[in-house]
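What follows is a walk through the place where two chains meet. Please look at the sequence and the model first.

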Amino acid sequence: MGMKEKFIQIAENEQKVYEAGKEAEYNAFWNAFQKNGDTVNGTYMFSGHGWTDKIYAPNYPIKLSSGTGLFAFSDITDTKVEIDFTSTSGSDTHVFNWGQCFTNITKLKVNENTSYSNWFSYCINLEEIRFEGKIGKSLDIHWSTKLSMMSLKSIVGALSDTVTGQTITLPTTAESTYDSATISGRWKELVASKPNWTFAYA
Amino acid sequence: MDRVILNASEGMMLTNGEIYAKRLELGAWDSIDNYHEIPIAEYEAMLEKDVEV
């Protein structure tokens, strides 16, 4: 290959090399930010309107030692990865507070010790959410009137069968959403499967 | 189990001081005596105060 052809090839590859370098730096940042997937203190980690889908690109599931305000007021639409609260003290609050852009919370890993004070306040666009583990404390997700049938099933299915004195607060649309995606009466059957919970609709 | 069902009156919310709802289906542990009605305006004022981080 002559010099001219070499220069042409270098010029053609310049953008690719630049993008590869940029991606490598981006990955290095996220690896460091997430401690290569180890447990992190996530207090207000992704809070504020500056966090958008364009810059939020976790490389690992997010395993937390604490998570108060984790995504509060963020403009992210999708958590993209599992969020694990099983190593926290269980007292985190406002996790998705005013997360008005969220449509998808991929997976929340919780246990019966996890409490949910103001976690989903004003998450008005949330459609999909999945829980892994048991919900053992009162949870209010009534702002999320667009929750899908599968999301409602995941929430109710995760409610502990043994705790007492707890309430799940859902949107008033829950029953119609569920029954219209399944068969009329299925919501009542689902609710009946958790006699130890009070169901509130707001 | 037949659940006790409570529906709030027009313009009101049901509450036990922690939970607020237009409709309640009580769990086996719960009692109608735990709840009373408040105006929706009072509920909304409480929300504004409560959701700030």
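Two strands pair if DSSP finds at least two bridges between them; helices (H or I, at least four residues) and strands (E, at least two) are DSSP runs, numbered from the N terminus. Strand S8 of chain A is joined by three bridges to strand S4 (residues 23–25) of chain B, and the two run antiparallel. Within this pairing, Phe199(A) has Glu25(B) in S4(B) as its bridge partner.

This is a predicted model, in which local features need pLDDT of at least 70 and side-chain atom pairs count only at pLDDT 80 or more, while totals for chains, interfaces and linings use all residues. Residues are numbered from 1 along each chain as its sequence is written, chains are lettered from A and ligands numbered from 1 in the order in which they are written, and side-chain values use heavy atoms, with hydrogens and water left out.

Taking contact as heavy atoms within 4.5 Å, 27 residues of chain A touch 22 residues of chain B. The two chains bury about 1800 Å² between them, 56% of it on carbon and sulfur atoms; buried area is the accessible area (1.4 Å probe) that two parts lose on being put together, summed over both. Pro195(A), Thr198(A) and Tyr201(A) supply 27% of the area that chain A buries against chain B, more than any other three residues.
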